[in-house]
Amino acid sequence: MRALIVTTMRNEGPYILEWLAHHRAVGFTDFLVFSNDCDDGTDALLDRLHELGQIVHCRTKKGDRSVQWEALSAASAHPLTRTADWILVSDVDEFLTIRAGRGTLADLHAACPHADGFAIGWRMFGSCGRVAFDPDSVLDQFTQAAPESLVWPLRAILYKCLFRNSGTYRKLGVHRPRGRRDGGPFAWVDGSGRPFPGAGPESSPAVVHSEGQYALAQLNHYAVKSAEDFLVKRDRGKPNHMEQEIDLAYWVDRNFNTVEDLSAHRLKAERRALLQDLRADGQLADLEQRAIDWRRARIVWLLTDLDTFLLFSRLQLVPKSRVLPMEEQLMLVRARGRLAQTPS
């Protein structure tokens, strides 16, 4: 079985090797990675991984759309995409974590052999109160997450799709495949194996579950990391919405440190062995260290700006987000839905 991850990256050098090692341990065989406008050597690190046969690296060509959509358009026509049996579009701060069996794709498919697609919910992992950037393992540092049942803020109910590449969909999308062709049935389930209404372009990338949605799989989303890391993320901007500022509201919507979740550690030994093999390549190890050094220098430079410094101080004043009672969460979801239907 060929399982493919498609992703876009910019200035993510310190995190690439761990992310790659984790997903190889999960069972992914192929990685199609697009980079753009890198300052920290991410593109050079990806070139070396390409030379080693670990990934396929492409540089995103400028176009009329955002860099992410340009990359996904190119990926939709790429030979790796055409030959893949299963596809996931994911980011380097997202780690697919399978809770069925030993934690591999084979275990997920065995738990739901009838499924053609899995709509796997984001699970927000917070900063754990960490202030300083630390290049050590993301999975080992950030172990506090949102509870299994969370519907507000709305980011908590977004999902991404692992789907069978059967030709049912014409092209890739950020959260779900797009361009459904007429044809036979396509069985979607959620991260708990429950029937899912569908994940095509006509559906929302958010689904409200007042009950847990991660019984079989979840997408660990390390969207904030440390306060210093968050400054670099803000500096980089969103790949699909560069006009939207990454600010304190972004932090509050994602910085949940409510419960400990070590489910990604089930494959820790396999991940560490794969990571050690990658770093045994001297060029890769050097490129990773250069990216770490660049990030440290960038943080120092960013903190010379007063507005950035004040944001940095506020991140420490609001170290974690509070989980509202479920009744209040559902009330906010309903109110938000009414506002969305109100003409402006």
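Predicted model: local features only at pLDDT ≥ 70, side-chain atom pairs only at ≥ 80, totals over all residues.
Entry 1. I began with the aromatic pairs, of which the structure holds 11. I then examined the pair formed by Phe95 and Tyr222. Their ring centres are 5.5 Å apart and their planes stand at 90°, so I recorded the pair as edge-to-face. The cut-off I needed here is that planes over 60 degrees apart count as edge-to-face.

Entry 2. I next asked where Phe95 and Tyr222 lie. Phe95 belongs to strand E5, residues 94–98. Tyr222 is in the loop between strand E12 (217–221) and helix H7 (227–236). The pair therefore ties together parts that are 127 residues apart in sequence.

Entry 3. Are these two residues buried or exposed? I found Phe95 to be buried, with a relative accessible area of 2%. Tyr222 is buried as well, and its relative accessible area is 2%.

Entry 4. I turned to Phe163 and Tyr169, which form an edge-to-face aromatic pair. The distance is 6.3 Å centre to centre, with 75° between the planes. Both Phe163 and Tyr169 are buried. I also noted that Phe163 and Tyr169 form one aromatic cluster together with Phe186 and Trp188.

Entry 5. The charged end of Lys225 sits over the ring of Tyr15, 4.5 Å from the ring centre. Over the ring of Phe142 I found the charged end of Arg130, at 6.0 Å from the centre of that ring.

Terms used. Residues numbered from 1 in each chain as written. Heavy atoms only, no water. Phe/Tyr/Trp six-rings, centres within 6.5 Å; stacked < 30°, edge-to-face > 60°. Helix = DSSP H or I, 4+ residues; strand = E, 2+ residues; numbered from the N terminus. Buried < 20%, exposed > 50% of the residue type's maximum accessible area, 1.4 Å probe, protein only. Lys NZ or Arg CZ within 6 Å of the ring centre and 35° of its normal.
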